[in-house]
Amino acid sequence: MTERIPQTPSTSRRNLLFGAATVSAGAFLTACTSNENNASAGTGKQQAGGVDDKPGKKVTIGFAGPQADHGWLNAINQNAKERAKQYEDVTLEITEGSNDTAQQIGQIETLINKKVDVLVILPADGKALTQVGLKAMRAGIPVVNLDRVFASQQAYRCWVGGDNYGMGLNAGHYIGEQLKDKKNAKVVELAGIDNLELTRQRTQGFDDALKNYPNIKKVGRQAAEFTVESGQAKMAGLLQAHPDFDALWNHDDDQGVGAERAIEQAGRDGFLMVGGAGSRKVMDTIKAGNSVLKATVLYPPTMSASAIDLARALGQGKGVSGMAELEIPASITLYSAVVTKDNVDDYLPTGFN
Amino acid sequence: MNTSEGHTLPAEAGSAPPGPAGPVAKDAGRAGARRRPDVHNLSLLGVLAALVLVGVLTKPEQFLSVQNLQLVLTQASVIGIVTVGVTFVIIGGGIDLSVGAMVALATVWATTLATQQFGLGGILLCALCVGLGCGLVNGLLVSFGGLVPFIATLAMLASARGLALQISEGRTQVVSVEPVLALGRRDAYLLGIPPIVLVFAVVTVVGWLVLNRTTFGRRTVAVGGNPEAARLAGIDVRRQRLLLYLLSGLCCGIAAFLLIVLTGSGQNTNGNLYELDAIAAAIIGGTLLSGGRGTITGSVLGVLVFTLITNLFALNNLETAVQQIAKGAIIVAAVLVQKGRTS
């Protein structure tokens with residue numbers, strides 16, 4: 001940290017002051033990294049249901065997911081960990097998340113070599129990780145494929161995930177029902193990253209649902225990037241472009257933080273906003289009922305807890321209780337429930353930060 | 001602090017007009033170096049005028065409103081301030097790829113629950129300190145560690161993003177400090193000008209003055225134009241470079257604070273690709289990527305061109321993909337114009 005300024009010999013005092021300032025700034029900064037809060041983390045803690053709860057054969061489950069770089073993915077990891085902890089017969093081997101395909105392949109291969117009993121994989125990129133899924137299946141390790149689907153059905157024993165098309169569909173139906181008595185109703189859409197297939201599916205579902213309501217027209221659509229910053233910028237643009245509209249669907253609650261901020265800054269209300277994914281903050285706002293935000297469509301992060309249940313059932317050779325079959329299903333698509341003020345209390349524990 | 005050392009550069013003292021010092025810019029030709037960016041700014045103004053015309057023709061009532069002007073300027077402010085810092089670094093012969101990551105880290109660090117306890121002052125101080133701290137590390141690595149700027153700032157990009165992710169754990173950190181939130185609301189506008197835009201204006205004016213009216217500015221141009229000649233002329237090149245990276249870090253800190261005000265939150269994905277946007281704006285503004293030439297006015301015009309494109313596309317409800325194509329085309333066109341004038 002020594003500052004060498006050869007031309008000015010009289011700077012020792014300046015250096016001293018500068019050094020002291022640097023040290024105190026450093027001390028201040030290190031004191032500011034904490035994010036501890038007494039409030040609960042808000043991950044799902046509901047009773048283990050569905051799969052047989054009685055302890056059985058010991059199962060080691062390997063879990064590999066992408067880097068938890070935003071709220072939803074973070075909740076995926078938390079839900080998986082907490083669910084595994086509830087079973088005394090389950091040992092969870094969780095890898096450090098990675099968005100790099102090569103790195104994730106390496107991590108999964110390590111889990112295969114460790115001979116875990118079942119693998120739960122949320123691939124960073126489903127298509128790119130198909131080969132390693134196949135490899136695990138060939139090695140006799142059943143794979144539960146979480147959310148982002150592999151390219152081949154041979155690469156997994158069971159797929160469980162969310163329904164992007166259904167998300168759009170349910171958002172569209174909810175908005176449609178709210179506006180069905182309004183003539184020439186206008187709707188705008190704040191979409192997610194446009195080059196992702198899931199964004200196109202959500203939009204498709206939304207458009208298909210709106211077709212049932214001839215009085216409603218979608219007048220605007222902008223694609224943000226799932227970030228607060230882009231949400232604010234794109235929403236500000238939408239608000240400027242459309243001086244009046246009746247409803248807004250925002251694909252993602254993370255970018256929704258920015259969108260709400262833009263709405264607040266523009267001083268606009270008189271429309272209804274529906275979110276997507278189901279963050280804790282959005283659910284709190286819905287519950288408070290004092291903003292334009294009236295509902296959100298879930299993309300449940302509890303799916304990783306379900307994946308642990310399914311993996312455990314696979315490892316113990318059981319089926320899903322409540323179903324007649326002896327084995328777990330090959331594919332499970334989760335329902336994108338609409339959370340409103342009426343049912344928000346039921347969903348609050350699943351809201352993620 | 002710079003003027004006190006003016007005696008080290010007798011050549012500069014005589015050259016009142018802003019521009020590279022005599023012995024330094026032999027190759028460029030002083031008069032030319034001064035005049036060219038101005039011509040360039042004129043052509044950029046032409047582009048801006050054309051964009052405004054498009055706006056007026058397509059969506060007159062929404063485009064030509066006070067709100068829209070406020071919106072465009074607000075959206076330009078954060079990236080604009082970052083671009084001012086980057087322009088200094090590029091003129092000084094360096095590059096700063098870490099600006100986006102520094103903004104992200106500063107927004108995250110300044111919005112942790114621990115920092116929020118200190119209120120507005122704490123958040124502001126924290127954002128500035130993080131920016132300056134990262135800038136200091138960049139500067140030390142480049143000036144005294146002997147690292148190529150591209151590599152040093154690339155390393156900072158990676159580690160600052162990583163640290164931001166580690167602190168936030170991927171969560172969106174929502175700000176609940178009321179004075180900070182109030183700054184972004186309509187009631188806080190001074191004579192119709194959002195405070196965020198005021199800060200941008202101040203940074204731009206100060207940046208212009210520093211570059212054109214101070215020894216520091218002239219040294220920056222000298223160091224970027226020909227470091228060896230600058231060294232022979234008595235400029236402490238390493239110190240100058242260190243200060244430039246500090247300046248860029250400071251700009252990122254300010255931008256981060258404004259971003260917190262604008263979005264009411266801190267997130268590790270903030271400032272995504274700012275480095276490329278800032279460099280692109282500086283380049284179409286006439287800043288030479290190899291250093292030694294550039295203007296603050298040009299860079300700010302460059303930022304406004306990009307923001308106006310985004311605005312026009314939103315107003316006309318066009319897709320993001322088309323917008324990116326337009327952006328790419330404008331960068332190429334601007335550089336071609338620049339080349340045409342230089343040769």
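Guide: Let's start with helix 5 (residues 99-109) and helix 8 (residues 149-168), both in chain B of this predicted model. Their axes are 8 Å apart, and the two helices pack at an angle of about 20°. Angles under 35 degrees count as roughly parallel, so that's the word for how helix 5 of chain B runs relative to helix 8 of chain B. As for handedness, helix 5 of chain B passes helix 8 of chain B in a left-handed crossing.

Now look at who meets whom. Helix 5 of chain B brings B:Ala101, B:Met102, B:Ala104, B:Leu105, B:Val108 and B:Trp109 to the contact. From helix 8 of chain B come B:Met156, B:Leu157, B:Ala160, B:Arg161, B:Leu163, B:Ala164, B:Ile167 and B:Ser168. Sort the residues in this contact by class and you get twelve nonpolar, one polar and one charged.

You'll find B:Asn270 in the loop between strand 2 (265-266) and helix 14 (274-284) of chain B. Is B:Asn270 buried or exposed? It has 31 C-beta neighbours inside 10 Å, so it counts as buried. One more pair to check: B:Asn270 and B:Ala127 are 143 residues apart in sequence, while their C-alpha atoms are 13 Å apart in space.

Note on methods: Residues numbered from 1 in each chain as written. Chains lettered and ligands numbered in written order. Predicted model: local features only at pLDDT ≥ 70, side-chain atom pairs only at ≥ 80, totals over all residues. Axes fitted to C-alpha atoms, helices over the stretch in contact; angles between N-to-C directions. Helix = DSSP H or I, 4+ residues; strand = E, 2+ residues; numbered from the N terminus. Parallel < 35°, antiparallel > 145°, perpendicular 65-115°, else oblique. Left-handed = near helix turned anticlockwise from the far one by under 90°. Contact = placed C-beta atoms within 7 Å. Nonpolar A, V, L, I, M, F, W, Y, C, P; charged D, E, K, R; others polar. Buried ≥ 20, exposed ≤ 12 C-beta atoms within 10 Å, placed from the backbone.
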